[in-house]
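This report describes selected helices, their packing and individual residues. The sequence and model are shown first.

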Amino acid sequence: MFKISTHIYDEIKDSKIIIEKIEIKERKEILDSILKKYINNCNTGVWLWEKFVHYEALNDDMAWSYIKDFVKDNNCIMFFNQEEEEEMFLIQSGDDLHYVLSETYGFEFYITDRQCSYLLCFSHHNILYGCGTAEKWINNLSIDMG
């Protein structure tokens, strides 16, 4: 069975990229915060992005590569649809995240910070969603590309 965390570790093992697993307690706190801030629990969708309350979206198969420009030199937390992978990873910068994403494939992912001030998602439909402070950024990307 395809395990996202194993795939990520396999692809970065020969690099200088360091990712840290987020402990179970903090994972739960982050998910709870995300659910309260960005998710409509009344929606019956399977994936989190189907339940976003307020968001902007950009349909572009390379949109995952733009995320580094939002994260910049800040660390970020990467997580996944919980049915597919329960691990969360702390990644040191947008450039490190870009490396991880450029070396891996085949999964949806979510990016946030420890304060959950934003939520980004790249879906299996090649759509980049942005919530919170990432909403305006996605909107500006759409305008710049339009």
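## Terms and basis

A residue is buried at under 20% relative accessible area, exposed at over 50% and partly exposed in between, with a 1.4 Å probe and protein chains only. Helices (H or I, at least four residues) and strands (E, at least two) are DSSP runs, numbered from the N terminus.

The model is predicted, and local features need pLDDT of at least 70, side-chain atom pairs count only at pLDDT 80 or more, and totals for chains, interfaces and linings use all residues. Residues are numbered from 1 along each chain as its sequence is written, and side-chain values use heavy atoms, with hydrogens and water left out.

## Helix 5

Helix 5 covers residues 134–145, twelve in number, and spans 16 Å between its first and last C-alpha. This is close to the expected 16 Å at 1.5 Å a residue, where the expected span is 1.5 Å times one less than the number of residues. Its buried residues are A134, W137, I138 and L141. Viewed down the axis of helix 5, these residues fall within an arc of 100 degrees and so line one face of the helix; the arc is taken over the directions from the helix axis to the C-beta atoms. K136 and I143, on the other side, are exposed.

The buried residues of helix 5 pack against strand 2 (56–59), helix 3 (67–71), strand 6 (118–122) and strand 7 (127–132); contact here means heavy atoms within 4.5 Å. I138, located in helix 5, counts as buried at 0% relative accessibility. Beyond its neighbours within four places in sequence, I138 is in contact with residues including E56, L58, L120 and Y129. I138 lies 72 residues from Y66 in sequence, with a C-alpha to C-alpha distance of 9.7 Å.

## Helices 1 and 4

Two packed helices are described by the angle between their axes and the distance between the axes. The axes of helix 1 (residues 4–12) and helix 4 (residues 94–103) come within 9 Å and cross at roughly 105 degrees. Axes are lines fitted to C-alpha atoms, for helices over the stretch in contact, with angles from 0 to 180 degrees between N-to-C directions. Helix 1 and helix 4 are therefore roughly perpendicular; angles under 35 degrees count as roughly parallel, over 145 as roughly antiparallel, 65 to 115 as roughly perpendicular and the rest as oblique.

I8, E11 and I12 of helix 1 meet Y99, V100 and E103 of helix 4.

## Positive phi in two loops

K72, in the loop between helix 3 and strand 3 (76–79), has phi near 55 degrees, a positive value in a residue other than glycine. K72 counts as exposed at 54% relative accessibility.
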